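Notebook open, viewer open. I'm jotting down what I look up as I go.

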Amino acid sequence: MGIDLAVLWAIIILFGVLMYVILDGFDLGVGILFPFVGNREDRDVMVNTVAPVWDGNETWLVLGGAGLMAAFPLAYAVLLHAFYIPLLAMLLGLIFRGVAFEFRFKATPGHRRYWDIAFTGGSLVAALCQGIVLGAFVEGIAMDGHRYIGGIFDWATPFSLLSGVGVVVGYALLGSTWLVLKTEGALQRRMMRLARPLTWLMLACIALVSVFTPLVQGHIAQHWFSWPGMLWLAPVPVLVVLLAAGLLRALGRRAEAAPFALALCLVLLGYGGLGAAIWPYIILPGITIWDAAAPLQSQGFALVGALLIVPVILMYTAWSYFVFRGKVKRGEGYH
């Protein structure tokens with residue numbers, strides 16, 4: 001039995017996107033939380049917690065996009081066409097916040113607030129657009145065979161906007177728990193206070209998205225409410241409630257590492273549930289990974305590079321987090 005390259009590439013891309021959501025999620029969350037912190041030194045500490053790693057985190061987004069283009073060119077072309085506006089807005093948001101990382105430390109006090117606005121706005125726009133694309137993807141793409149026949153604004157629906165808000169709240173929760181882990185004193189206490197309502201908002205978003213997902217996408221409804229899909233789905237709500245309760249309890253006893261770990265588990269649970277619900281479709285409702293796959297020779301050629309580069313990315317990511325472990329204090333860090 002030979003290796004199914006389409007499945008292998010799907011796993012690589014899903015892994016790359018998961019790593020991006022985890023790593024750049026709390027990174028974007030830090031920017032989303034900027035308006036809740038007015039003290040300049042505290043804002044510097046917030047930026048310093050992610051400054052050494054933010055650009056490396058976005059490597060996974062590049063890997064996911066490049067892998068999609070190489071292994072599933074049909075899906076790449078259709079998704080880019082269908083979601084051109086939110087994807088472009090996302091990239092502009094990432095550019096603005098990337099520039100703000102560098103310039104806010106070099107700006108005069110009078111101009112720094114403009115770079116803070118760019119940092120916050122870029123983070124918020126990038127997170128919102130990612131959620132909108134996710135929601136529109138789940139809702140389905142108008143296709144005629146292998147040709148996109150939808151409009152340029154088909155992505156703008158109530159469900160996609162709800163998904164966008166959900167991703168913003170999720171990233172903000174990751175960001176607040178990351179800052180609980182990486183900071184101390186008054187800033188840490190503020191993040192603990194913020195993480196509690198964010199946990200409740202996250203639960204509300206999960207509930208609303210879970211209710212409306214089977215209503216807007218028949219394939220997922222059929223998967224969820226048929227056997228054995230119902231068997232796999234049944235424990236998910238229980239796990240969500242248990243993780244949220246554990247997160248609130250950890251915040252109540254002022255734990256530092258547990259809230260971030262539990263917030264990550266919530267994200268992993270949602271990501272895994274979505275992946276299981278749509279598998280093996282790469283364009284809902286009717287194009288599978290095999291329908292959209294590149295020729296075997298192209299997949300094999302690109303796979304050689306992926307198998308070489310992914311371990312390298314994992315190693316330097318792990319090394320960077322190891323080097324910059326520990327608390328970030330006022331007056332220390334990135335300059």
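**Entry 1: the exposed side.** I started at Ile 95, which sits in helix H6, residues 84-103. Remember that this is a predicted model. Is Ile 95 buried or exposed? I get a relative accessible area of 51%, so Ile 95 goes down as exposed, the cut-off being over 50%.

Next I asked which residues form a nonpolar patch on the surface. Ile 95 is one of them, and the others on my list are Tyr 84, Leu 88, Leu 92, Phe 96, Val 99 and Phe 103. Together they have about 670 Å² of accessible area.

**Entry 2: whole chain.** I zoomed out for the overall numbers. The chain has 15 helices and 4 strands. Its C-alpha trace spans about 55 × 40 × 40 Å along the principal axes. For 335 residues I'd want a radius of gyration near 20 Å if the chain were a compact globule, and the chain has 20 Å, so that agrees.

Surface next: the accessible surface comes to about 16,100 Å², and 73% of that belongs to carbon and sulfur atoms. As for burial, 48% of the 335 residues count as buried. I also checked contacts between residues at least 6 apart in sequence: 81% of them join residues at least 24 apart.

**Entry 3: a buried glutamine.** I picked Gln 188, which is found in helix H9, residues 185-216. Its relative accessibility is 9%, so I file Gln 188 under buried, since the limit is under 20%. What is Gln 188 in contact with, once I leave aside its neighbours within four places in sequence? My list reads Val 180, Thr 183, Glu 256 and Lys 327.

**Entry 4: cysteines.** How many disulfides does the count come to? I get 0 disulfides. Cys 129 is in none, and the nearest cysteine sulfur, that of Cys 205, is 17 Å away. Cys 129 counts as buried because its relative accessibility is 8%.

For scale, my cut-off for a disulfide is sulfur atoms within 2.5 Å.

Methods
Residues are numbered from 1 along each chain as its sequence is written. This is a predicted model: local features need pLDDT of at least 70, side-chain atom pairs count only at pLDDT 80 or more; totals for chains, interfaces and linings use all residues. Side-chain values use heavy atoms; hydrogens and water are left out. Helices (H or I, at least four residues) and strands (E, at least two) are DSSP runs, numbered from the N terminus. Buried means under 20% relative accessible area, exposed over 50%, partly exposed in between (1.4 Å probe, protein chains only). Contact means heavy atoms within 4.5 Å. Patches are made of residues with over 30% relative accessible area and no salt bridge: like charges are joined within 9 Å, nonpolar side chains (Val, Leu, Ile, Met, Phe, Trp, Tyr) within 5 Å. Accessible areas come from the Shrake-Rupley method with a 1.4 Å probe; for residues, only the protein chains shown count as cover. A salt bridge is a side-chain nitrogen of Lys or Arg within 4 Å of a carboxyl oxygen of Asp or Glu. The radius of gyration is taken over C-alpha atoms; the globule rule is 2.2 Å times the number of residues to the power 0.38.
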